[in-house]
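Here is a short note to read with the model open beside you. Take the points in order and find each residue as you go.

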Amino acid sequence: MSRIGYKVVDLPEGVEVKQDGNFVTVKGPKGELTREFSDKISMNIEGNTVTFERSAEDNKTKALHGTTRSNFNNMVVGVTEGYKKELELRGVGYRAQMKGKTLVLNVGYSHPVEFEEEEGITFEAPSATSVVVSGINKEVVGDCAARIRAVRAPEPYKGKGIRYVGEYVRRKEGKTGK
């Protein structure tokens, strides 16, 4: 059984939390996030700590308890530190570059693939073979990085493609000659 829902969330300095019914707004130095939580979980704000309590003991509510606490903690971390995902391009001629606020990827197709910056997301291309996706919402950053990776997922024979930094791609042996 998970005990994550019972953990206390400590609010750093400069973070404000407002609750309006089921909607919770977290405001910090990097920005502001709003999210709707289930009414089965109650949130208690006492000074610089936030705790969560569940109304029932059924499995669905127990699962929501830990999920709600984790989502709230991700909001707090996002508005104070932010999130980032780093991707690397591997392959001959594969490169990434920024054109204004547009990320342009050349990954072996007959055309370049372009990604526009969404609200709350910023792209960086520190080198020709690396991309950094950053923002304050963990879910949106991860989703955007996954969409970029899906343009050319790493293949197992030569290892070419777009992968997360540190991601392991299992390599397969190619065809053997006679």
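1. Start with a term. A residue is called buried when its relative accessible area is under 20%, and exposed when that value is over 50%. Thr-61 has a relative accessible area of 1%, so Thr-61 is buried. Keep in mind throughout that this is a predicted model.

2. Stay with Thr-61 for a moment. Thr-61 sits in helix H1. Which residues does Thr-61 contact, leaving aside neighbours within four places in sequence? They are Lys-40, Ile-41, Arg-54, Ser-55 and Ala-56.

3. Now look at the overall layout. Nine residues from domain 1 and five residues from domain 2 take part in the contact.

4. Next comes empty space. Rolling a probe the size of a water molecule over the atoms shows where such space is left. The largest pocket holds about 160 Å³. Its lining consists of Leu-33, Thr-34, Arg-35, Asn-71, Asn-74, Met-75, Ile-136, Asn-137, Lys-138 and Glu-139. Strand S4 (31-36), helix H1 (59-80) and helix H2 (138-151) are the elements that each give two or more residues to this lining.

5. What kinds of residue line the largest pocket? Three are nonpolar, four are polar and three are charged. Domain 1 (4-81) and domain 2 (83-164) each supply at least three residues to the lining.

6. Move to Ser-134. Ser-134 belongs to strand S12, residues 130-135. Is Ser-134 buried or exposed? Ser-134 counts as buried, because its relative accessibility is 16% and the cut-off for buried is under 20%. The side chain of Ser-134 also makes a polar contact, at 2.7 Å, with the side chain of Thr-122.

7. Check who else is around Ser-134. Not counting residues up to four places away in sequence, Ser-134 touches Tyr-83, Lys-84, Gly-120, Ile-121, Thr-122, Glu-124 and Val-141.

8. Follow that last name. Val-141 is in helix H2. Val-141 counts as buried because its relative accessibility is 2%. Beyond neighbours within four places in sequence, Val-141 is in contact with Tyr-83, Lys-84, Lys-85, Ile-121, Val-133, Ser-134 and Gly-135. Val-141 and Thr-122 are 19 residues apart in sequence, and their C-alpha atoms are 9.1 Å apart in space.

9. Arg-163 lies in strand S13, residues 161-164. Why does Arg-163 count as buried? Its relative accessible area is 5%, and buried means under 20%. The side chain of Arg-163 reaches the backbone oxygen of Gly-159 at 2.7 Å.

10. Here is the setting of Arg-163. Apart from neighbours within four places in sequence, its contacts are Glu-86, Leu-87, Glu-88, Arg-90, Arg-149, Pro-154 and Val-169. Leu-89 is 74 residues away from Arg-163 in sequence, but the two are 6.6 Å apart in space, C-alpha to C-alpha.

11. Finish with another arginine. Arg-3 lies in the segment before strand S1 (9-10). Arg-3 counts as exposed, because its relative accessibility is 53%. Arg-3 and Lys-99 are 96 residues apart along the chain, and 46 Å separate their C-alpha atoms.

Terms used:
Residues are numbered from 1 along each chain as its sequence is written. This is a predicted model: local features need pLDDT of at least 70, side-chain atom pairs count only at pLDDT 80 or more; totals for chains, interfaces and linings use all residues. Side-chain values use heavy atoms; hydrogens and water are left out. On a 1 Å grid over the protein atoms alone, a cavity is a set of points where a 1.4 Å probe fits but cannot get out, and a pocket is an open set with protein on both sides within 12 Å along at least five of seven lines; lining residues have an atom within 4 Å of a point. Grid points are joined across faces, edges and corners, and a volume is the space filled by probe spheres set on the points. Helices (H or I, at least four residues) and strands (E, at least two) are DSSP runs, numbered from the N terminus. Ala, Val, Leu, Ile, Met, Phe, Trp, Tyr, Cys and Pro count as nonpolar, Asp, Glu, Lys and Arg as charged, and the others, Gly among them, as polar. Domain bounds come from an automatic or database domain assignment. Buried means under 20% relative accessible area, exposed over 50%, partly exposed in between (1.4 Å probe, protein chains only). A polar contact is a pair of N or O atoms within 3.5 Å; within protein, one must be able to donate a hydrogen and the other to accept it, and residues adjacent in sequence count only if both atoms are side-chain atoms. Contact means heavy atoms within 4.5 Å.
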